[in-house]
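Please look over the structure shown below, with attention to its overall build and to a handful of individual positions.

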Amino acid sequence: MKDWTTVLKAADAAARWHVHQRRKGAAQEPYMNHLLEVASLVADATHGQDPELVIAALLHDAIEDQGVPSELIAREFGNKVAEIVVEVTDDKSLDKAERKRLQVEHAPQKSNAAKIIKLADKTSNVRAIAFAPSPDWSVKRRLDYIDWAKKVVQGLRGTSPWLEAQFDRAVEDAERSLAVPRSRT
Ligand code: ZN
């Protein structure tokens, strides 16, 4: 099967698997918007040369958020794609604070493929804080998320300068969006 045909097949599977999931922003965007943004960043970062990584990017939250079995991903899209998706999936049996701590700790040991997806994922999520924040997230919660994402990304650096620059710009935008306006007096 041609690469681009398989990429579309993965997008189609992702759209169906995440059909009821929404992003946290006020617009309640379909979750697919996030998956396409991450996949598009990964495609750009790899100059369109790595279709399997783009497929893994489209499916990166399928196990974590929808409990899609890794065997199903392996059967449909191959073992390599399934392995990458497993590598970017948090262990949901742990509590949230522990999962967040482990993301920081494990980031430097991840494969190059997993690091690229994680960089794109954090970029998409931090962009959302700047441009489509959740109405339920306080300023502190948004600042805490940005600080944590920066710590994870610290362990992913040296992988894709372009993607790391996209992340840094997203952080700047998000931090600017949260700055208290200066008084004119
Ligand atoms: Zn994600």
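Which side chain is joined to that of H60 by a polar contact of 3.2 Å? The partner is D121, whose side chain forms this polar contact with the side chain of H60, the term standing for a pair of N or O atoms within 3.5 Å, where within protein one must be able to donate a hydrogen and the other to accept it, and where residues adjacent in sequence count only if both atoms are side-chain atoms.

The model is predicted, and local features therefore need pLDDT of at least 70 and side-chain atom pairs pLDDT 80 or more, whereas totals for chains, interfaces and linings use all residues. Residues are numbered from 1 along each chain as its sequence is written, and side-chain values use heavy atoms, with hydrogens and water left out.

**Overall build**

The chain holds 10 helices and 0 strands, where helices (H or I, at least four residues) and strands (E, at least two) are DSSP runs numbered from the N terminus. For 185 residues, a compact globule would have a radius of gyration near 16 Å, and the 17 Å of the chain agrees with this; the radius is taken over C-alpha atoms, and the globule rule is 2.2 Å times the number of residues to the power 0.38. Along the principal axes, the C-alpha atoms fill a box of roughly 65 × 35 × 35 Å. Of the 185 residues, 45% count as buried, a class defined as under 20% relative accessible area, with exposed over 50% and partly exposed in between (1.4 Å probe, protein chains only). Among contacts (heavy atoms within 4.5 Å) between residues at least 6 apart in sequence, 67% join residues at least 24 apart.

H60 has its place in the loop between helix 3 (51-58) and helix 4, and at 2% relative accessibility H60 counts as buried. Not counting residues up to four places away in sequence, H60 touches H34, L35, V38, V85, V88, T89, I117 and D121.

E64 lies in helix 4 itself, which spans residues 62-66, and E64 is buried as well, with a relative accessible area of 18%. Leaving aside neighbours within four places in sequence, E64 is in contact with V88, T89, D90 and K92. The side chain of E64 reaches the backbone nitrogen of D90 at 2.7 Å. The C-alpha atoms of E64 and R22, which are 42 residues apart along the chain, are separated by 15 Å.

**Loop positions**

Q28 is found in the loop between helix 1 (3-17) and helix 2 (31-45), and H47 in the loop between helix 2 and helix 3. Q28 has a positive phi of about 50° although it is not a glycine, and for H47, likewise not a glycine, phi is positive at about 50°. G67 is found in the loop between helix 4 and helix 5 (70-77); the C-alpha atoms of G67 and W17, 50 residues apart along the chain, are separated by 9.4 Å. The accessibility of these loop positions is set out below.

| Residue | Relative accessible area and class |
|---|---|
| Q28 | 44%, partly exposed |
| H47 | 65%, exposed |
| G67 | 51%, exposed |
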